[in-house]
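Thanks for coming. I will go through one model this morning, strand by strand, and then look at a few side chains.

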Amino acid sequence: MAASDRREHIRTSMNTRVKVESDRIGSVILSTRDISDGGVFIAVENDEVELEIGDRVTVQVQGLPVEAPVLDMKVVRQTHEGYGLQFAD
């Protein structure tokens, strides 16, 4: 069974701007590729962001009419296209 077939939550394509912050990268604005009940995938280009599996970050959706909540997340997957983030407990 492929890793994508073992996912617990259904992914929905969603392209939105988010502010991602951590001690390692500071504060950057990136785009999401998809979202699920368990987390979000953020797209990165040209090694603009370097995170490691296990890093903790905060994520906040940008461009809404009201300020979005800041969510605690952790890096659980890395690909050449970006990072899979899981909502932290």
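Which residue in E3 is the bridge partner of Glu21? The partner is Ser27.

Before going on, the ground rules. This is a predicted model, where local features need pLDDT of at least 70 and side-chain atom pairs count only at pLDDT 80 or more, while totals for chains, interfaces and linings use all residues. Residues are numbered from 1 along each chain as its sequence is written, and side-chain values use heavy atoms, with hydrogens and water left out.

On confidence, pLDDT is the predictor's confidence in each residue, from 0 to 100. The protein averages 90, and 92% of the residues score at least 70. Strand E1, residues 12-13, has the lowest confidence with a mean of 88, and E5 has the highest at 98. Where pLDDT is low, the predicted coordinates should not be read in detail.

Now the overall fold. There are seven strands and zero helices; helices (H or I, at least four residues) and strands (E, at least two) are DSSP runs, numbered from the N terminus. Along the sequence the pattern reads β-β-β-β-β-β-β. The radius of gyration is 13 Å, close to the 12 Å that the globule rule gives for 89 residues, so the protein is as compact as a globular protein of that length. That radius is taken over C-alpha atoms, and the rule is 2.2 Å times the number of residues to the power 0.38. Along the principal axes, the C-alpha atoms fill a box of roughly 40 × 25 × 25 Å.

Of the 89 residues, 33% are buried. Buried means under 20% relative accessible area, exposed over 50%, and partly exposed in between, with a 1.4 Å probe and protein chains only. Among contacts with a separation of 6 or more, 46% come from residues 24 or more positions apart; contact means heavy atoms within 4.5 Å.

Next, the pairing, where two strands pair if DSSP finds at least two bridges between them. Back to where we started: strand E2 (17-22) pairs with E3 (residues 26-35) in the antiparallel sense over six bridges. These two strands form a hairpin with three residues between them. E2 also runs antiparallel to E5, joined by four bridges, and there Val18 has Val61 as its bridge partner.

On the E7 side, E4 and E7 (residues 82-87) pair antiparallel over five bridges, with Ala43 bridged to Gly82. E6 (residues 71-79) pairs with E7 over six bridges, again in the antiparallel sense. E6 and E7 make a hairpin with two residues between them, and Val75 stands opposite Leu85.

A nonpolar core is a set of buried Ala, Val, Leu, Ile, Met, Phe, Trp, Tyr and Cys residues joined through side-chain atoms within 4.5 Å. The largest one has 15 residues, of which Val20, Tyr83 and Leu85 touch the most other members. The elements giving two or more residues to this core are E2, E4, E5, E6 and E7. Leaving aside neighbours within four places in sequence, Val20 is in contact with several residues, including Ile25, Leu30, Ile42 and Val59.

Now Ser22, at the end of that buried face. Ser22 counts as buried because its relative accessibility is 13%. A polar atom of the Ser22 side chain lies 3.3 Å from the backbone nitrogen of Arg24, and the side chain also reaches the backbone nitrogen of Ile25 at 3.2 Å. Not counting residues up to four places away, Ser22 touches Leu51, Arg56 and Val57.

What about Arg24's own side chain? The side chain of Asp55 makes a polar contact with the side chain of Arg24 at 2.7 Å. A polar contact is a pair of N or O atoms within 3.5 Å; within protein, one must be able to donate a hydrogen and the other to accept it, and residues adjacent in sequence count only if both atoms are side-chain atoms.

Asp55 sits in the loop between E4 and E5. Asp55 is buried, because its relative accessible area is 14%. Glu52 is in the loop between E4 and E5 too, but at 45% relative accessibility Glu52 counts as partly exposed. Beyond four places in sequence, Glu52 touches Arg24 and Val75, and the contacts of Asp55 include Arg24, Met73 and Val75.
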